[in-house]
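Take a walk through this structure.

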Amino acid sequence: MDGLQRRPAAAAAASARGEGQPPGGQRVIHCDVEPAPRAWPGMQMLALAAVLVLGGLQFLPATHFRHPADPSRTWVPFDSSRHPQDLSHEVKTVDVYSSISCLDLRTLAVLTNSTLSSSSDPHHVSFNFLIPEGGNDQVPYYKIKAVLPDSNITVTSQKKIKDKLNLATPEGNFFVSFPNELSPIVIARALSRTRYVYISADSIIKGKIEDLVRIDLGSYAVGASEDCSKCLGDYISMDVLNAVQRTAPRGLLHHTVTFDKDTCFLDFDVLLVEPRNIKRNLIDSIAFWTKAVNLANQRDSVMLAMTLAFYNDYLKLPTNWKRADTNTDILYYDGPKNVCAEDGRQHQEKGSGEIWQQYLGPKSDSLLSA
């Protein structure tokens, strides 16, 4: 008993002398004696609120996107004037449109047969041909069907587009002035609400049209190739373009850009078009630029205006869909064809090759050229 009493006394004496303590006089904290430090009041609630806020941000609609085909990976804002689209849709049919200013059924037949011959599923490819006003739509239809009985085609006068558009509006009047140049785009307003491919009539298709129509456009309205034989700086000063852009009516132009003189013209020989993504004021924008640039050649004015209206707002198609003479998926038609002068007279132009003969035999040629 005396030994037990002496131990606390000895411990107290040792503590007074500083023995048995850590160097520097630090105090030993025993977890079973002193409680753990308490968190700042409200910190747990603040952390929970932060988690909920960050989680809620995941449900907000996207405002920008980066297209995988863009090498610069630029963030592009979504256009609220466009309709939402389903990027994962699977194309089950292929709708091909083509407009011809000087009627020649041989070119239309070669375009049809070459496309079907190269297609992986020809039974699901349809053709819609727009021909000049003034003729009988049924005669061209029956002639092509006689040559290609298994083809799915329609032949329509350009008057049908005019009937769909209100000619009393600036948009309608503008189309009347430039029907051939505007047809690739106006089709989306007047004839089609689903994705389609527009191809110049004097073309021969060597690639699979399905590969073209399944290209992911993202939020772009069109996919197109470029014609770098023509550049913006060849036709107009960039200072003039930038000045015109600043004076444009509010809301008419899609976005403010700085134009580059080396920008290539768009090539409208082949277009992949998603009608749901086309801006509502696109035709008005093209009409505005056409009047603003006002070149001596009106057709050049329209093509320049269309390039400006789609400036930095289209998907560049793979190079194999750039029309050329050889080594590509789309070739120039190289057979004889009708050419129309400005006064309406026709004359026949001789062909420059023989590829077209792979898709149109002598008897069919005679029937369609009559």
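A residue is buried under 20% relative accessible area, exposed over 50%, and partly exposed in between (1.4 Å probe, protein chains only). Tyr-141 has 24% relative accessibility, so Tyr-141 counts as partly exposed. Tyr-142 reaches 53% and therefore counts as exposed.

The model is predicted: local features need pLDDT of at least 70, side-chain atom pairs count only at pLDDT 80 or more, and totals for chains, interfaces and linings use all residues. Residues are numbered from 1 along each chain as its sequence is written, and side-chain values use heavy atoms, without hydrogens and water.

Now the rings. Rings of Phe, Tyr and Trp (its six-membered ring) pair if their centres lie within 6.5 Å; planes under 30 degrees apart are stacked, over 60 edge-to-face, the rest tilted. The count is nine aromatic pairs. One of them joins Tyr-97 and Tyr-196, edge-to-face, at 5.2 Å centre to centre and 65 degrees between the planes. Both residues are buried. Tyr-141 and Tyr-142 also pair edge-to-face, with 5.1 Å between centres and 75 degrees between planes. Elsewhere, ring pairs link Phe-259, Phe-288, Trp-289 and Tyr-311 into a cluster.

Last, the largest pocket. On a 1 Å grid over the protein atoms alone, a pocket is an open set of points where a 1.4 Å probe fits, with protein on both sides within 12 Å along at least five of seven lines; lining residues have an atom within 4 Å of a point. Here 31 residues form the lining, and Ser-101, Asn-180, Ser-200, Asp-202 and Arg-299 lie nearest the centre.
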